[in-house]
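I opened the notebook to record what I looked up in this chain, going from the overall fold to single residues. The entries follow the order in which I checked things.

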Amino acid sequence: MTGPDARAVARIAEELRRQGIGPEDMLRRVVPEAADRLGRLWEEDRLSFMAVTIGAGRLLAVIRDAGDRLSRPVEPGAGHILVATVPGEAHVIGAEIVAAELRAAGWTVDLLLGEDEETIIAEAKASATHVVGLSASSERSGLTLARLIIALRVEMPGVRVIVGGAIVRADPALARRVGADGLAASP
């Protein structure tokens, strides 16, 4: 997944499809397991930052391919959501998976990765969405997450905020304390 052969992950994904693994399983099981493995190898200092970055990029390609295979037209009356990573957050795979799954369910999804608080708020207001999903990977993002939720509520009093990502698994109480309307467990 992190080696010099850029096509290796695509071949693995194709082989899994031949074995009957559908795009839903790719998004819900295969990619999250591979991302967790990348993270463990990084934490164990067995992969370099560059190797993890390459692997994550290849997983993003698998997510987009699976999302394309699942895509269908936007359903009339279906929801509209802005999915964003918390400012300063480097982990984007979960947000990409959520966006792909929501699009597959017929939702209109605006996806913001790596943006600052002002951009997220401006995009939420411009899109007139009533739901914002925020992805955070750890307790380190807690203060930034809380500030963003407060700012969203000041600018858009009726907005519903759902917090997802590894922060929900790591500290569900923190995720609730920041003022979220709902929590979504990581895939």
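The entries below start with the conventions and then turn to the fold, a helix pair and some loop residues.

**Conventions.** I am working with a predicted model, in which local features need pLDDT of at least 70 and side-chain atom pairs count only at pLDDT 80 or more, while totals for chains, interfaces and linings use all residues. Residues are numbered from 1 along each chain as its sequence is written, and side-chain values use heavy atoms, with hydrogens and water left out.

**Overall fold.** I looked up the secondary structure and found 8 helices and 5 strands in the chain, where helices (H or I, at least four residues) and strands (E, at least two) are DSSP runs numbered from the N terminus. Read from the N terminus, the order of elements is α-α-α-β-α-β-α-β-α-β-α-α-β.

**Dimensions.** I compared the radius of gyration with the globule rule: for 187 residues a compact globule would have a value near 16 Å, and the 17 Å of the chain agrees with this. The radius is taken over C-alpha atoms, and the rule is 2.2 Å times the number of residues to the power 0.38. The C-alpha trace spans about 50 × 40 × 25 Å along its principal axes.

**Surface and burial.** I noted an accessible surface of about 9,900 Å² for the chain, with 55% of it belonging to carbon and sulfur atoms; such areas come from the Shrake-Rupley method with a 1.4 Å probe, and for residues only the protein chains shown count as cover. Buried residues make up 43% of the 187 residues, with buried meaning under 20% relative accessible area, exposed over 50%, and partly exposed in between (1.4 Å probe, protein chains only).

**Contacts.** Of the contacts in the chain with a separation of 6 or more, 69% are between residues 24 or more positions apart, a contact being heavy atoms within 4.5 Å.

**Helices α5 and α6.** I then examined how α5 (residues 117-127) packs with α6 (residues 142-155), and found an angle of about 35° with the axes 10 Å apart. Axes here are lines fitted to C-alpha atoms, for helices over the stretch in contact, and angles run from 0 to 180 degrees between N-to-C directions. On the α5 side the contact is made by E117, I120, I121, A124 and K125, and on the α6 side by R147, L148, A151, L152 and E155.

Which residues does E89 touch, not counting residues up to four places away in sequence? I found S135, A136, S137 and S141. E89 sits in the loop between β1 (80-85) and α4 (93-104), and I record E89 as buried because its relative accessible area is 8%.

**Positive phi.** Most residues other than glycine have a negative phi. I noted D45, with phi near 60°, in the loop between α2 (23-43) and α3 (49-70); D45 counts as exposed at 68% relative accessibility. A128, in the loop between α5 and β3, likewise has a positive phi, near 60°.
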